[in-house]
Structure formats: C-alpha cells, structure tokens
Amino acid sequence: RLRYGGMATALTAVVVAVVILVNVVAGILNDRFPFNFDLTAEKLFTLSSESKTVAKSVKKDTEIVVFAEESNFTSPNSGQEDLNKIFKQFHETTKQLESLSGGRIKTKYVDLVGDPTQATKYAKYEVNQGEILFICGNRWQKANTMDLLSFNEEAYNYYGQLTDVVSKVENVLTINVAMVTSDKTPHLTVLTGHDEDGELINSLKESLGNNNFKLEDLNITGSAEFNDESVVAIIPAPSTDYTQNEIDRLRKWLSNDGKFNRHLAVFVDYKADCPELYKFLNVEYGVEVTDNLVFESDANRMFNYYPHYIFGDIEESDFTGDILDEKVLMPVVRQILTNKENDTNSSLFNVDVITFPESSKLVSIAQLLDESNESYDD
C-alpha cells in the first residue's frame, strides 16, 4: 500500500508540475506572441490585413502611452457591455501590434491620478487622464479613449446611456502608429476665397489629417503663393466662380515647370454656377459639370424613399479594387460627364468610378430652384 500510494503521490506531483510548467510557458509565449480565438460576432479581435501591414512595417521603436489604469482595459467595469468590449479590444489589439512589429511597438499605462508625478515626464505633450499618446522619435500624436468608439450622442444626452456603439479601436491605433512612424507627411493645399463648403473643409481636414496628411489653407483670391512642398490642391465646392487669373495661377502650379507631378481634387457644389472653373475642368481634363441633378425612380435604389438620396454603382477600375459588389450612397448628385475614353494608351483619359443605371433620371437645377414651378420635366 505504501509503495503504490507513494507512486500515486509522486505521479500526481509530476502531473501537477507539468500542468504548471505548461501554463507558465503558454503565458510567456502569449505575452511574446499573443493569439486568440475571436468568437465575437463583430470580429473585434481580428486585425485587418491593412493593420497587419502597418504593424509589420514599423522599423523604429514606437511607444503607445495610455493615461489610465491598465485594469480599466483588462477588466473593464463601466456598467455597459458594449463599452467593456471595446476597452478589452484595445488591450488585445495593442498586444497583437507588439507581436506583429517584432516588439518595436510597446504599450504602457500611466495613471496620472494615482501618480501625479508622471505628468512632469510628459509635460511637453500636455496630456490629461484618459488620453493616448503615440511616440516615435521626435514625432508624436494624441488621441482620447473616447475616440475609440462612436455612439448616438442624442440618446446619450437624453437618457444617460450609450447607444449604437461602434468600435473605432483598430482605426485609431493603426492610423496613429502609421502617422508617427512615417518618414514623410504629404502636404495638401485647400483653396479658399470663393465661399466654399465649410462642413466639407472640416471633414476633409479631419479624415485626411487622420491619415498622415498635412492640410493648409490658401486664399486663391489673394497674393499668397502656393507651397512648393504641396502635392495636391483641393477645391472644396466653391459657390462663386474663379477668375481667369486664378485659374492661370493654378495651372502654372500644377504644371510645376513641366514635371506635371502635382494633383487636383475638385468638389462641386450641387447648385453653384462657376462657368470659368467648369470650362477649365472640361478643357484640361475632359470632365464636364452639367446643370442637372441625378434623381432615382426605382424605390429600391433610394435611401428612405428620397429620390435625390440615391445609390450608385461602383465601376471596375484600379481605384475601386475588390469593392465592386458594394453600392455607395450619393446624396444630391450633380451630373458629371467624362468626355475622354478610359484608354490608358492616351496621354489624357477619364475613369468613371461611380455610375447610375437607366432607372435614374436627370432634373434641371434651374427647374428645381424655381419656386413657382410646381412640377418639373425629367
């Protein structure tokens, strides 16, 4: 009995030791090479191929400093399940980024409330509790933990809870890591001075600014010169027309002494009349801005049964990639014709990105703006 009892005890001890060893090794490996099975319906813990590419391309030490207690992300207890998921997703995603980058991306948590002396170390960044700091060499970016999600603000204000919560964790992390690790920030010039669309400008600055572009304004009506470092000029839906002198200045900058290595992006206001600008677009690029809006007659191709909030078809091109099966919402569409064939052998050609089917119809802008006109012709 003693012999068999001792054998059983020894065997149990060995098994327990092996289990402990396996758990220790697994813990070490998971810290170095984190992996998980993503069982969430939203695939919150599965990185996109773009994010993986960004992480693998990081060649310099990059630090993500979260000004909060780490327990807020490992064991969140906000009282809202959606919010807890997003904080957990943040913690898991940073571990994946560290692994994919070969350890070059590191994350640390600093509690400014529990240890106020840490604020001195990061004083030049003017950080506050709840913010996230991305640092790589002399480059740095800041975000806020509330940037990690979007939600229905009206519901939050009136009922004191978050609704329609959508995670932006991967977006915030990938964009900011890409920005601080990039060796170059492209300059873009936003042309103003012709009563442009302010909301459009703000949206452009936010979205492009979040993707490692530096935007600056230039009042084209003044005497200020174009920035030679800028690579794109943006015309953001002007309400008044350009002068011939302004167009000549723009043409000269785009030419860049015959190099033709600069670009132009034009947004067209749905009702503005800018004949000189539109003539320039047609002559130089074969793009004709018409005086028609595109309406839809098929209820299945409208949003909320609004005939001017319509869905367009994405055409096959180098610009659209693998999103051909998707449809894109186009609110208040002005008809634009492309007069140059999509012939890559030509020095000038047009590529249609979004088109509309035969169920759509054209309505004259003049007819729509005529308040005395109770009906209009297609």
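**A nonpolar surface patch and the overall fold**

Phe 303, Tyr 306 and Leu 329 form a nonpolar surface patch of about 280 Å². The model is predicted. The relative accessible area of Leu 329 is 36%. This residue is therefore classed as partly exposed, a category that lies between the cut-offs of 20% and 50%.

The secondary structure of the protein comprises 11 helices and 17 strands. The chain contains 378 residues, and 34% of them count as buried. Contacts were then examined by sequence separation. Among contacts with a separation of 6 or more, 66% join residues 24 or more positions apart. The accessible surface of the protein amounts to about 23,300 Å². Carbon and sulfur atoms contribute 51% of that surface.

Cysteines were considered next. A disulfide is a covalent bond between the sulfur atoms of two cysteines. The structure contains zero disulfides. No pair of cysteine sulfur atoms therefore lies within the 2.5 Å cut-off. Cys 136 is buried, because its relative accessible area of 4% falls under the 20% limit. Cys 274 is also buried, with a relative accessible area of 0%.

Technical notes
Residues are numbered from 1 along each chain as its sequence is written. This is a predicted model: local features need pLDDT of at least 70, side-chain atom pairs count only at pLDDT 80 or more; totals for chains, interfaces and linings use all residues. Side-chain values use heavy atoms; hydrogens and water are left out. Patches are made of residues with over 30% relative accessible area and no salt bridge: like charges are joined within 9 Å, nonpolar side chains (Val, Leu, Ile, Met, Phe, Trp, Tyr) within 5 Å. Accessible areas come from the Shrake-Rupley method with a 1.4 Å probe; for residues, only the protein chains shown count as cover. A salt bridge is a side-chain nitrogen of Lys or Arg within 4 Å of a carboxyl oxygen of Asp or Glu. Buried means under 20% relative accessible area, exposed over 50%, partly exposed in between (1.4 Å probe, protein chains only). Helices (H or I, at least four residues) and strands (E, at least two) are DSSP runs, numbered from the N terminus. Contact means heavy atoms within 4.5 Å.
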